[in-house]
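Here is my note for a first reading of this protein. Please keep the structure open and look up each residue as it comes.

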Amino acid sequence: MTAALLYPFILVAGALQALGNAMNAQLRGRLVNPWLAATVSFLPIVFVFATLFFTMPTPLPSLDSLSKMPWYAPLGGVAGAVAVFGGLAFIDKVGAGPFNGLTLTANILTSLAMDAFGLFGLQASGFKPLPWLGGLLMAVGVTFIAKSGGKSEGGESGVGGKLLYPFIIVAGALMAIGVVWNAQLRGALENPWLAATVSFIPVVFVFALIFLLRPSPLPSREDVAGVRWWMPLAGITGAVAVFAGLLFVDKVGAGAFNGLLITANLLTSMALDHFGWFGMKQVKAGRPRLIGAAVMVAGIVLISLF
């Protein structure tokens, strides 16, 4: 199979990643407690991947591959889950466009830094000016998008939403680091279904434990009755992108993979805001947002090609 045949799947994975953020925000609104919402969001992922592993249990890792696995590799899912929790808690306050723009920019800049300096076992490639210029263009594009974010549904001012930006940026950086850790986990465990299961089990454990320690507030019957069938599937939509990275990064290259994934994510998040899909506050894609999207896409092209 040629690499180009995988591009449509990667684009779909990027779009689903953006949809998952909006769906998680609606799930959090209905279940009230963010820790409960995160647990509910991730439980179906573990069930699906565990079922697939029991259905296709081979190949299995050897003792030699397990002994060479870095201690942090099983925590890749936890690192990526920070961005998911950010979507649960903050996307309705800052908007899908600014949220995804900030996380994606932090993601790609962190990826560039890991490639340049050879962090977490990656081969150091040194400083390359054009990809870093692309990262700068993405940051400029985010500025255009974020300035047109408007007010949140709760009437909170744009300044209040901007106070959340540092957390969102950290979440985006951890998302990039989580991809590398997951790739190392996949190499050690050999079976992709087992690797995906191991990656997400700690996430469910952490969120469930925090929920048990902080069980309030709890949703009312009316809140639970308002949960749509698609809301608990938000985690699965985001997991498609994680699994795509496990399988396809080595086939299409990290630049092409991240470029396609981020482009699809960005354009989908813009559409979510513009049309108000999945209960998002409608924010029309005016000239600043369109300019910001175009500049970010230009940055993605520089990063992917060079």
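The numbered points below go from the overall fold to single residues.

1. **Ground rules.** This is a predicted model, in which local features need pLDDT of at least 70 and side-chain atom pairs count only at pLDDT 80 or more, while totals for chains, interfaces and linings use all residues. Residues are numbered from 1 along each chain as its sequence is written, and side-chain values use heavy atoms, leaving out hydrogens and water.

2. **Fold.** How many helices and strands does the secondary structure come to? The protein has 13 helices and zero strands. Helices (H or I, at least four residues) and strands (E, at least two) are DSSP runs, numbered from the N terminus. Residues 24 or more positions apart make up 84% of the contacts with a separation of 6 or more. Contact means heavy atoms within 4.5 Å.

3. The accessible surface is about 14000 Å². Carbon and sulfur atoms own 72% of that surface. Areas come from the Shrake-Rupley method with a 1.4 Å probe, and for residues only the protein chains shown count as cover. Of the 306 residues, 50% count as buried. Buried means under 20% relative accessible area, exposed over 50%, and partly exposed in between (1.4 Å probe, protein chains only).

4. **Cores.** A nonpolar core is a set of buried Ala, Val, Leu, Ile, Met, Phe, Trp, Tyr and Cys residues joined through side-chain atoms within 4.5 Å. The largest nonpolar core has 59 residues. Phe42, Phe49, Met138, Ile168, Phe200 and Phe207 touch the most other members. Take Phe200: leaving out residues up to four places away in sequence, Phe200 touches Phe42, Ile45, Val46, Phe49, Ala239 and Val242. A second, separate core has ten residues, including Ile10, Ala13, Phe257 and Leu260. In soluble globular proteins, nonpolar side chains tend to be buried together.

5. **Ala241.** Ala241 sits in helix α11 (residues 234-252). Is Ala241 buried or exposed? Ala241 counts as buried because its relative accessibility is 5%. Not counting residues up to four places away in sequence, Ala241 touches Ala13, Gln17, Phe257 and Leu261.

6. **Helix α6, inside.** Gly135 lies in helix α6. Its relative accessibility is 0%, so Gly135 counts as buried. Gly135 touches Thr105, Leu109 and Ile303, again not counting residues up to four places away in sequence. The C-alpha atoms of Gly135 and Ile108 are 6.9 Å apart, and the two residues are 27 apart along the chain.

7. Leu130, Leu133, Leu136, Val140, Phe144 and Ile291 make a nonpolar surface patch of about 460 Å². Patches are made of residues with over 30% relative accessible area and no salt bridge; like charges are joined within 9 Å, nonpolar side chains (Val, Leu, Ile, Met, Phe, Trp, Tyr) within 5 Å. Which helix gives the most to the nonpolar patch? Helix α6 (residues 129-147) does, with five residues. Phe144 lies in helix α6. Phe144 is partly exposed because its relative accessible area is 33%.

8. **Salt bridge.** The structure holds one salt bridge, defined as a side-chain nitrogen of Lys or Arg within 4 Å of a carboxyl oxygen of Asp or Glu. The side chains of Asp64 and Lys68 form it, at 3.3 Å from N to O. Asp64 is partly exposed at 43% relative accessibility, and Lys68 is exposed at 61%.

9. **Aromatic pairs.** The structure holds eleven aromatic pairs. Rings of Phe, Tyr and Trp (its six-membered ring) pair if their centres lie within 6.5 Å; planes under 30 degrees apart count as stacked, over 60 as edge-to-face and the rest as tilted. Phe53 and Phe54 have ring centres 5.6 Å apart and planes at 45°, so this pair is tilted. Phe53 is buried at 14% relative accessibility, whereas Phe54 is exposed at 66%. Tyr72 and Trp181 form a tilted pair too, with 5.1 Å between centres and 35° between planes. Tyr72 is in the loop between α3 (63-67) and α4 (76-94), Trp181 in helix α8 (residues 165-189), so the pair links parts of the chain 109 residues apart. Both Tyr72 and Trp181 are buried.

10. **Aromatic cluster.** Trp35, Phe42, Phe49, Trp193, Phe200, Phe207 and Phe243 form one aromatic cluster.
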